[in-house]
Amino acid sequence: MAAEKLRDLSQPIDVPLLDATVAAFYGTGSKDERTAADQILRELQNNPDMWLQVVHILSNTQSLNTKFFALQVLEGVVKYRWNVLPVEQRDGMKNYISDVIVKLSSNEVSFRQERLYVNKLNIILVQILKHEWPARWRSFIPDLVTAAKTSETLCENCMAILKLLSEEVFDFSRGEMTQQKIKELKQSLNSEFQLIHELCLYVLSASQRTELIRATLATLHAFLSWIPLGYIFESPLLETLLKFFPVPSYRNLTLQCLTEVASLNFGEFYNVQYVKMYTIFMVQLQTVLPTSTNIPDAYGNGSSEEQAFIQNLALFFTSFYKFHIRILESTQENVAALLMGLEYLLNISYVDDTEVFKVCLDYYNSLVLELFEANHNLDNPAATANMMGLQSPMILGMMDGHGKQLLQRRQLYSGPMSKLRLLMISRMAKPEEVLIVEDENGNIVRETLKDNDVLVQYKIMRETLIYLSHLDHNDTEKQMLKKLSKQLNGEDWTWNNLNTLCWAIGSISGSMMEDQENRFLVMVIRDLLNLCEITKGKDNKAVIASNIMYVVGQYPRFLRAHWKFLKTVVNKLFEFMHETHPGVQDMACDTFLKIVQKCKRKFVILQVGESEPFVSELLTTLPTTIADLEPHQIHSFYESVGCMIQAESEATKREEYLQRLMILPNQKWTEIIGHARGSVDFLKDQDVIRTVLNILQTNTSAASSLGTHFLSQITLIFLDMLNVYKMYSELISSNIAEGGPYASKTSYVKLLRSVKRETLKLIETFLDKAEDQPQIGKQFVPPMMDPVLGDYARNLPDARESEVLSLFATIINKYKGAMIDDVPRIFEAVFQCTLEMITKNFEDYPEHRLKFFSLLKAIATHCFGALILLSPEQLKLVMDSVMWAFRHTERNIAETGLNLLLEMLKNFQNSEFRNQFYQSYFVLIVQEIFAVLTDTFHKPGFKLHVLVLQHLFCLVESGALTEPLWDASTVSYSYPNNGAFVREYTIKLLCGSFPNIPASEVTKFLNGLFESRADLSTFKNHIRDFLVQSKGFSTQDNKDLYAEEAAAQKEKERQRMLSIPGLIAPNEIQDEMVDS
């Protein structure tokens, strides 16, 4: 009954009843009461007339929750329907909100009591302003400033409104408003700023109220990044701010404002004012925080206000130096103040807080890069000689003025840079390869989760240290060796100190000249091996082992040049493979693989003083080396040895090594197959199944590094393997048929399926890595047709392996058009039955989905001729499944679907069937693409949605389609051409979907699209602006719409890094390292 009364909005709503409903929703009553209340409130919120009751509710309720509910309703209307409301309704609401704000904030008591309510009203007022101001509410800023001068609490709230307005326009506008609207609001704020400026200065000079001054400083902070510079530098504003800095209650806000000023960068016009500001600031800082203070301790014991102060101080220094450090290098006094500031910043960098450290680190990275580039770009032999540390008076004489200036600048910073090296070495972050860490209880354990923050920090620190190393190799080497000797003599020995030092040593790989690097590393590796011998204790040894492995893994160039060291290191790794401390064996196997990939030739040639190549010796002792390893570590070991064998160029030796490598798994395999020939049931034993799985995994690992050269081994086991596959498949099917759906979850069935999957993975790995030799395809594909494809079709859905789909996708991508005759067979086996599995909903069989669409894409790309031969019904199934794919919210499935669609559109455009194809699907594709483009769930696909639309619009305008796209039997009107029809159809489609956007806007948008169809970036911007206008996108994170631009920037950065020695780690460079 009560619900019916509330739902009737033809008369003023019953406010006490609404209060009771809201209270029931937030209350502690029964679940049913809350659900019923939730249902009523949702219905009210969705009722388009509900907003007309807002004033009545706000005037009559005392409940804060009810007020918030009413304001939520109002906010929805302001955001999405404001412009379609009649003028008198808009004005009425605007005036009402303004009056309530003024009334509540004119009085100290009501302002403090109703603070939350006033804040929410402020937000709604700013949302209204985004529509009304400046065109329909010109007097807003003058009215606000006049009101502010009438009372101090009202003034405080006016500051809050101005701050919100500034943030809405300058900080949060991208993706919320169209480009034009943002521009208009920025111009209005700029032109009316004088009044606001006068108000702020008036408050700061005349008021004694702490809250008001703090609100004014906070508002200024929001404004300083964009206001015209004259208001800052040609008015008393800076002096006023510096006057407030020493006062504890304003210190943090003032510092934030000064930081904002320090971040401005508009040429050299105001340099004098900047120097003056910095000098006064440094004098005041010494009284607030004397230079003798131990900042890390003070931070650790400080209050949250004091900790924020240290963080703000770091932000101030880094912002000032980033833009204005040059002006402090000019005179002696300025240099002294600059060096003192850098000293403060270095001390702050030792504070035990990641956020503070990140602020400092980001700046160091840019400063060191700037110093390094200046030297790097000097095409001057003298300067180059100087970088090698060859300073002499004769060289200085040869330099030009610019060179001298650079040299002086480097000398100016040499002190701080040396301290910075020490900081980087002491605080080096953990690299990804290190698996052994200290947990919170002080135990050494294997790392379980990767910490992405630490990896990002490592990347920046590594880059900074490489630039520092380039600036002065000798100082870098000296500091590292000094710290290492302190580890050896026990003076400085802790796990953390040794770790950070070794991570730093590993991270500068490639930055020194080869001779210096060799000399340095001989000492480092010798010292670390000694340390390992003299240190007792399992944990200590594990830490040292992890550091030795990390360092040697980073220096393949050194190992390639020094066989004795390489051999010692590899034997040391074999030693670590018997060490059962968690993580040590894993790291030993990872490092072994990494070293072999970079030095593989060294292991297959006969080295001086050896009786046989290392690989031969290794194969002899292989059983003992891997005796203590887990199965997954053994697989990694086999991959490494496979990598060595692949480097042997002589075929007979290669075959012999491969045979010796596979002795253990092959003996076991022969034994199992022998037993199975006697009795098939032998293969059903769980332990036997596990052994079969392990043998197959070992083969896959070797195949992944040997590629084509694995042919003899896979031929040996191939047919038996297919028989085992077939038998296990039948076992699975009978188990599922008897045990129902739960049987597929039993450990026995899972184990059988693992063998099937591994078989498919082994074949796929081999075919993928093998060189492009058609006879290999001819040898392996036909025998698989029945045991693999036929089996897939015969199986129950739960027993079908998705790897079958990816295997055939790999085969088609590899052998391309040669597979065209097999496509009908593949289609017949997998198409219909897989579609039935994946089109029931978007969740079941996720693996099958992705691989199915990848297979379709391979067919569309390489065997398009086979698609054309499909019957119309089959082609409709294909197209339906493509649309099904890109409607997925699962990103990679949607992307695969869109790429497949683009591939098919291009191929059909060039075929003789284009008219029939586009007549059937053009309109449908436009409709479906606009649906996913505008529903906010598919933002990551934005780039591909745009490409599909661009393709369709270009095609329809090109005149390539000669038949009408409209159905003449249902459309009586005859369009002059296809372009006109598509325009009209799309306008109708969008107007129907977005009633909140006027038809004139939709038409303008569509005409813009057709005009800009040849220019992708304009075309894309048109679509972005339209999405922002459509209500769904205006309040969300829209970074996915700009993803493509971000990716291009990333590639440019990688090219820059490749040009600087050491910046890209040796194991990340895809080189075939010349290690002969």
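Residue S349 belongs to helix α20, which covers residues 332–349. Helices (H or I, at least four residues) are DSSP runs, numbered from the N terminus. The model is a predicted one, in which local features need pLDDT of at least 70 and side-chain atom pairs count only at pLDDT 80 or more, while totals for chains, interfaces and linings use all residues. Residues are numbered from 1 along each chain as its sequence is written, and side-chain values use heavy atoms, with hydrogens and water left out.

With a relative accessible area of 0%, S349 is buried; that term means under 20% relative accessible area, with a 1.4 Å probe and protein chains only. The S349 side chain forms a polar contact with the side chain of Y364 at 2.7 Å. Such a contact is a pair of N or O atoms within 3.5 Å; within protein, one must be able to donate a hydrogen and the other to accept it, and residues adjacent in sequence count only if both atoms are side-chain atoms. Residues up to four places away in sequence aside, S349 touches F357, C360, Y364, L423 and R427, where contact means heavy atoms within 4.5 Å.

S511 counts as buried, at 4% relative accessibility. Its side chain makes a polar contact with that of S469 at 3.2 Å. Beyond four places in sequence, the contacts of S511 include H470, H473 and E517, as well as P1061 and G1062.

Among the buried residues of α6 are M93, I97, V100 and L104, together with R90 and K94. Their cover includes α4 (54–60), α5 (64–80), α7 (108–113), α8 (115–132) and α10 (152–171).

The largest nonpolar core has 360 residues, and F281, F317 and Y321 have the most contacts inside it. A nonpolar core is a set of buried Ala, Val, Leu, Ile, Met, Phe, Trp, Tyr and Cys residues joined through side-chain atoms within 4.5 Å. Beyond four places in sequence, F281 contacts L242, F245, L255, L258, L313, F316 and F317.

Confidence is expressed by pLDDT, the predictor's score for each residue from 0 to 100. The chain averages 88, and 95% of the residues score at least 70. Over residues 379–397, however, pLDDT stays under 50.

Key:
Buried < 20%, exposed > 50% of the residue type's maximum accessible area, 1.4 Å probe, protein only. Helix = DSSP H or I, 4+ residues; strand = E, 2+ residues; numbered from the N terminus.
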